[in-house]
Amino acid sequence: MAKNLDPIFHPLPEIPEDLREEAFLSRAVARFHIGENGIVAKVELIQPCSNPRLNVLLLKSLQKWKFPRESSGKTQEISVTFLVK
């Protein structure tokens with residue numbers, strides 16, 4: 001069984017005030033295609049949350065994630081829960 005790849009940089013989106021309550025209850029599953037040097041080559045939401053605006057914010061953040069260099073060329077699915085402060 002393949003080991004899960006842990007991101008070394010994983011920012012989450014800033015949530016606008018009008019979406020905070022909905023984001024608090026939201027979760028999505030993303031598939032990362034990891035390119036050279038652990039940089040995300042492509043990310044897709046395979047189980048998006050119900051709000052399209054939250055999905056757009058989430059995708060923008062997920063594209064900035066980074067994985068260890070040895071993760072290059074691999075694919076990883078990660079469940080993402082919004083962090084609401």
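Helices (H or I, at least four residues) and strands (E, at least two) are taken here as DSSP runs, numbered from the N terminus. The structure is a predicted model, in which local features need pLDDT of at least 70 and side-chain atom pairs count only at pLDDT 80 or more, whereas totals for chains, interfaces and linings use all residues. Residues are numbered from 1 along each chain as its sequence is written, and side-chain values use heavy atoms, with hydrogens and water left out.

The protein chain contains two helices and three strands, and from the N terminus on these elements follow the order α-β-β-α-β. The radius of gyration of the protein chain is 13 Å, close to the 12 Å that the globule rule gives for 85 residues, so the chain is as compact as a globular protein of that length; this radius is taken over C-alpha atoms, and the rule is 2.2 Å times the number of residues to the power 0.38. Along its principal axes, the C-alpha trace spans about 40 × 20 × 20 Å. Of the 85 residues, 38% count as buried, where buried means under 20% relative accessible area, exposed over 50%, and partly exposed in between (1.4 Å probe, protein chains only). Among contacts (heavy atoms within 4.5 Å) between residues at least 6 apart in sequence, 69% join residues at least 24 apart.

When residues up to four places away in sequence are not counted, Trp-65 touches Pro-7, Phe-9, His-10, Pro-11, Leu-12, Phe-32, Gly-38, Val-40, Ile-78 and Val-80.

Asn-55, which lies in helix 2, is buried, with a relative accessible area of 12%, and, leaving aside its neighbours within four places in sequence, Asn-55 is in contact with Leu-45, Pro-48 and Cys-49. Glu-21, placed in helix 1 (residues 20–24), is exposed, with a relative accessible area of 68%. The C-alpha atoms of Glu-21 and Val-84, which are 63 residues apart along the chain, are separated by 8.4 Å.
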